[in-house]
Amino acid sequence: MEQTVHDFFHDFRQELLAGTEAGSQFQLAEFMELITEELIETGVVEGFDFCHYRAQRGMRVDGYWFNEENALHLFVADFDNRNELDSLTRTEVDAAFKRVTNFFEASRNRQLYRELEETSPEYGLSRDISDRRGQILQVNFFLLSERVLSDRLQVLDNNAIADTPATYTIWDISRLQRQRTSRGQKEPLDIDFMGMFGAGISCLPAHLSLDSYQSYLIVMPGEVLSALYEKYGSRLLEQNVRSFLQARGKVNKGIKTTIMREPDRFFLYNNGITATAQDVKTIGNDTGMQITRIKDLQIVNGGQTTASLFHTRRKDKAPLKQIFVQMKLSVIDSEESETMVPLISEYANTQNRVNAADFYSNQPFHIRIEEFSRRIWAPARKGEQRETKWFYERARGQYGDAQSKLTPSEQRRFKAEYPRVQMFTKTDLAKFENVWEDHPKWVNLGAQKNFVQFAKRVAEQWKQSSDTFNEFFYKRAIARAIIFRRAERIVTQQPWYGGGYRANIVVYAIAAIRELCERQKKSVNFLKIWDTQELPPGFTDSLAIAADFVNGGIINSPPGISNVTEWCKKDACWTGLQTEIGTLESSLPVGFWSELISSDEYDEKMKDAKKTQKIDSGIDAQKKSLEIGADQWRIIFQGLSEIGDLSSKEAGILKIAQQIPAKIPSEKQSMILMDILEKARAEGLYA
């Protein structure tokens with residue numbers, strides 16, 4: 001039975017209360033994070049920093065994010081921890097947006113920051129808005145509400161605030177429900193060219209038959225492409241693995257130079273754009289065919305071109321009337337987009353090449369972590385009798401989907417086995433890991449950038465040795481999750497904590513602990529944390545001390561630094577903390593140091609786990625080889641032989657595989673067969 005919005009509201013409220021209790025966080029902060037995590041995961045926004053300010057003079061703000069395209073997102077909440085679902089009227093919407101726009105105007109034009117406490121998050125935000133007044137090209141206002149709109153209004157008309165173009169977006173409880181019930185997929189863009197531009201876009205059909213994928217060749221006017229990017233921003237580029245590089249790279253500088261100096265030759269010089277869509281509407285006329293509507297346009301190659309057109313027009317006032325861009329548009333059914341779009345992106349992206357597939361949930365790394373999470377029981381905590389599991393949500397919405405068809409009693413059993421507080425996503429895993437394995441600034445830079453950095457490192461390590469990702473890695477990751485989430489509660493409980501910078505403090509407090517351990521050639525005993533599912537007393541006390549140290553360090557930032565949150569995203573912030581970290585070492589309790597293990601012991605555990613995983617991988621590969629069967633291996637052999645993509649060693653092993661079950665490939669041979677299988681997939685010889 002389909003869930004009603006009232007049922008969803010009550011489930012959401014229970015999730016909110018559970019999250020507040022688990023993280024010892026203010027309910028408003030938990031509310032904002034729950035919704036913005038959804039927006040970040042689905043690409044609506046790139047990140048979110050909590051910042052609550054409310055004044056009697058009709059001003060309010062609850063969070064913000066500066067993106068690399070010189071746009072500012074400002075968030076305001078409609079939240080009162082209501083027990084029952086209520087309606088949100090147009091008058092209340094207007095009032096909420098008025099309060100947040102008042103904050104923006106007062107900060108931009110009247111130097112509101114001069115009236116605020118210098119160490120507060122709102123001071124840093126207000127000061128940044130004032131200092132960047134000439135650089136902020138657009139401000140996007142978001143209203144997040146625990147109520148439901150009474151008139152189905154979702155987006156208000158755009159206008160300008162203090163001469164800055166502005167957009168207004170509402171996320172009420174019904175829109176959040178639609179987002180979640182669509183398995184975490186983004187709300188598809190619905191671009192009406194007739195409505196936006198008064199005319200369709202000329203195109204040429206490039207598909208050969210009705211049975212093939214629909215494809216179109218388009219000559220896209222630069223003005224139209226720039227206008228689309230201005231309206232939809234990075235939502236057009238969600239499947240593109242590269243972000244706009246602010247015209248710093250050679251490619252972007254070349255694009256800008258052509259726009260400014262030789263616009264009539266832009267079509268000649270530019271490589272064009274590769275894009276996908278779920279659906280396309282066309283009409284025929286005297287001049288041929290025109291596209292009138294595109295559902296879910298996604299630029300998978302050409303993000304730099306698109307963004308460069310917009311920024312050069314906005315910053316340099318460059319006219320785009322003479323500029324046209326060739327576009328190859330493929331229509332991909334929504335059910336196949338998760339597998340097809342990454343492949344299109346991977347093959348289309350050759351400049352600044354990054355393997356797009358590494359970013360997607362169906363990659364072997366994520367599948368292996370998911371398998372561990374479904375198989376490995378976590379030990380019962382002290383005083384409890386029941387073991388539980390941690391649930392890795394490899395694809396968005398898996399945790400909810402796993403329960404959707406269960407009876408109430410089955411749901412209770414499921415939640416007992418997989419408690420909600422033990423669910424973690426790909427971006428959560430990236431956060432837990434990057435604090436320890438990379439520069440801590442990545443976590444402060446937001447979920448998307450942090451995950452990209454994590455994915456790059458994992459891809460490199462997987463290529464070197466997939467056995468690195470074993471049961472020890474999984475248990476260590478869970479221990480790090482316990483540390484991270486416990487640190488969040490510890491910070492909130494400190495008497496000096498004033499409600500700001502928690503995310504930044506947590507990241508650098510853990511990084512400080514890691515740094516001190518490395519200097520002493522020690523390691524946290526992650527397996528001990530896994531075995532107990534909690535932190536030892538010395539570690540808990542040390543996190544509190546480290547958090548206090550970090551809080552003082554980031555608040556007392558160098559002269560000229562006004563926004564602490566933005567400062568925490570800089571290399572220099574961590575460098576500065578490292579220079580003073582010696583004073584922290586003597587402050588940590590003796591119990592903490594006694595709980596650690598030596599680096600040699602830690603390395604030995606990793607080596608043993610890697611050996612075990614190698615054995616397990618060989619067994620799994622052999623099993624998979626047998627399942628595929630001789631006939632399929634024969635097809636693969638013939639196909640790869642015809643294109644000359646087999647070494648003599650691979651050909652020999654494939655000959656053995658073609659004799660299954662009379663001959664059985666060894667575990668080592670089966671591992672090579674798995675590599676051959678990837679070649680076959682790339683050539684379309686194996687699905």
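Guide: Buried here means under 20% relative accessible area. The model is predicted. By that cut-off cysteine 51 is buried, because its relative accessible area is 1%. Cysteine 573 also falls under the cut-off, at 3% relative accessibility, and so counts as buried.

Now the sulfurs. A disulfide is a covalent bond between the sulfur atoms of two cysteines. Searching the whole structure turns up zero disulfides. Cysteine 51 is in none; its nearest cysteine sulfur belongs to cysteine 568, 14 Å away. Cysteine 573 is in no disulfide either. Its nearest cysteine sulfur is again that of cysteine 568, at 4.2 Å.

Next, the charged surface. Asp600, Asp603, Glu604 and Asp608 form a negative patch. Take aspartate 603 from this group. Aspartate 603 sits in helix α26, which covers residues 599-628. Its relative accessibility is 35%, so aspartate 603 counts as partly exposed.

Lysine 668 belongs to helix α29, residues 667-682. With a relative accessible area of 67%, lysine 668 is exposed, because exposed means over 50%.

Note on methods
Residues numbered from 1 in each chain as written. Predicted model: local features only at pLDDT ≥ 70, side-chain atom pairs only at ≥ 80, totals over all residues. Heavy atoms only, no water. Helix = DSSP H or I, 4+ residues; strand = E, 2+ residues; numbered from the N terminus. Buried < 20%, exposed > 50% of the residue type's maximum accessible area, 1.4 Å probe, protein only. Disulfide = S-S within 2.5 Å. Patch = residues over 30% accessible without salt bridge, like charges linked within 9 Å, V, L, I, M, F, W, Y side chains within 5 Å. Areas by Shrake-Rupley, 256 points an atom, 1.4 Å probe, with all protein chains shown as cover. Salt bridge = Lys/Arg side-chain N within 4 Å of Asp/Glu carboxyl O. Lys, Arg positive; Asp, Glu negative; His and termini not counted. Charge placed at Lys NZ, Arg CZ, Asp CG, Glu CD.
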